[in-house]
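Here is a briefing on ring contacts and pockets. The sequence and model come first, then the findings by topic.

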Amino acid sequence: MYKRRWPSGEGLAIAQANDKYFSQFVEKSSFNALAESLMVAIHEETHMWDLDPSRTSWDVYMSAWINASRKAMKVPLHGGFPRREILPLITDKLTASMDDIYLRDAQQGTYRLQGVLAELNAGLMGLPAATVVAEYIQGVGASNSRDIVATNMRYLLLYLRTAKTKHADYWTKIKAEPALRELVLIEFLRSAYWLDQSASYATKLGSADVDKIVAKNYAPENIAIIEEFTGAKVNVSSPRNCTA
């Protein structure tokens with residue numbers, strides 16, 4: 001099914017087929033149960049591929065599976081600062097449950113740019129993993145797919161804003177890395193594309209807050225930082241998944 005609908009998902013599954021944990025992520029009792037479990041399975045296996053020591057050195061450089069024919073390889077990160085520092089910029093409760101996990105948790109809150117991008121990229125594989133089989137999903141196992149993407153994109157935008165205003169030396173370093181700037185732009189556009197593609201299954205694959213989170217991500221200050229960092233002008237109207 002992935003071969004026909006989403007070859008990049010088939011590619012990742014084949015690449016990770018020998019991972020000893022893969023079978024723990026999938027539910028094999030029925031096809032519908034399998035379809036529902038694929039969001040978590042592909043999300044986690046994306047982490048496994050991305051974080052393989054042959055491709056990633058934590059906080060130094062990272063790799064990311066983008067699609068079957070394109071990967072970002074050994075993109076420099078230069079460390080960064082704890083992602084919990086973005087919390088003052090979040091003044092609503094739209095992402096509260098994930099904020100508690102990724103930003104307020106004693107361990108997770110210390111993760112730096114590597115953590116932000118790794119979680120976003122896994123979300124950007126998990127969402128299509130569920131979207132392309134969504135008509136078979138009957139339960140709640142993939143019901144936060146859209147929230148994961150919208151929220152982690154929010155974190156990335158706020159991280160860049162915090163880097164610029166509070167960590168000038170770090171901002172200068174990462175802005176001088178063409179591969180990192182390209183990856184950030186690709187992830188922004190992928191987010192727009194898959195949130196749009198999954199919209200018809202919004203009630204299955206996300207909460208009622210997703211559109212509100214996306215609206216926050218497209219606020220002028222967030223569009224300004226993505227354009228300043230990447231050097232590209234992005235579309236803020238349809239289609240959002242391309243540069244202007």
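**Pockets and ring contacts**

With five residues, α9 gives the most to the lining of the second largest pocket. The model is predicted.

**Second largest pocket**

- The volume of the second largest pocket is about 190 Å³.
- Its lining has 13 residues; I66, N67, R190, Y193 and W194 lie nearest the centre.
- At least two lining residues come from each of β1 (61–67), α6 and α9.
- The lining of this pocket splits by class into nine nonpolar, two polar and two charged residues.

**Largest pocket**

- The largest pocket has about 230 Å³ of volume.
- It is lined by 13 residues, and those nearest its centre are A192, L195, D196, V214 and R240.
- Two or more lining residues come from α9 and from α11.
- Seven residues of the lining of the largest pocket are nonpolar, two are polar and four are charged.

**Aromatic pairs**

- The model holds ten aromatic pairs.
- One of them joins F31 and Y136: the ring centres are 5.1 Å apart and the planes meet at 85 degrees, so the pair is edge-to-face. The cut-off for that label is over 60 degrees.
- F31 belongs to helix α4 (residues 31–50), while Y136 sits in the loop between α6 (113–131) and α7 (145–166), so this pair ties together parts 105 residues apart in sequence.
- F31 has 42% relative accessibility and counts as partly exposed. Y136 is also partly exposed, with a relative accessible area of 30%.
- F188 and Y218 form another pair, with centres 5.5 Å apart and planes at 45 degrees, so this one is tilted.
- Y2, W6, Y193 and W194 are linked into a cluster by ring pairs. Of these residues, Y193 and W194 are also among those nearest the centre of the second largest pocket.

**Charges over rings**

- R55 places its charged end over the ring of W49, 4.0 Å from the ring's centre.
- K71 lies over the face of W65, with 4.2 Å to the ring centre.

Key
Residues are numbered from 1 along each chain as its sequence is written. This is a predicted model: local features need pLDDT of at least 70, side-chain atom pairs count only at pLDDT 80 or more; totals for chains, interfaces and linings use all residues. Side-chain values use heavy atoms; hydrogens and water are left out. Rings of Phe, Tyr and Trp (its six-membered ring) pair if their centres lie within 6.5 Å; planes under 30 degrees apart count as stacked, over 60 as edge-to-face and the rest as tilted. Helices (H or I, at least four residues) and strands (E, at least two) are DSSP runs, numbered from the N terminus. Buried means under 20% relative accessible area, exposed over 50%, partly exposed in between (1.4 Å probe, protein chains only). A charge sits over a ring if NZ of Lys or CZ of Arg is within 6 Å of the ring centre and within 35 degrees of the ring normal. On a 1 Å grid over the protein atoms alone, a cavity is a set of points where a 1.4 Å probe fits but cannot get out, and a pocket is an open set with protein on both sides within 12 Å along at least five of seven lines; lining residues have an atom within 4 Å of a point. Grid points are joined across faces, edges and corners, and a volume is the space filled by probe spheres set on the points. Ala, Val, Leu, Ile, Met, Phe, Trp, Tyr, Cys and Pro count as nonpolar, Asp, Glu, Lys and Arg as charged, and the others, Gly among them, as polar.
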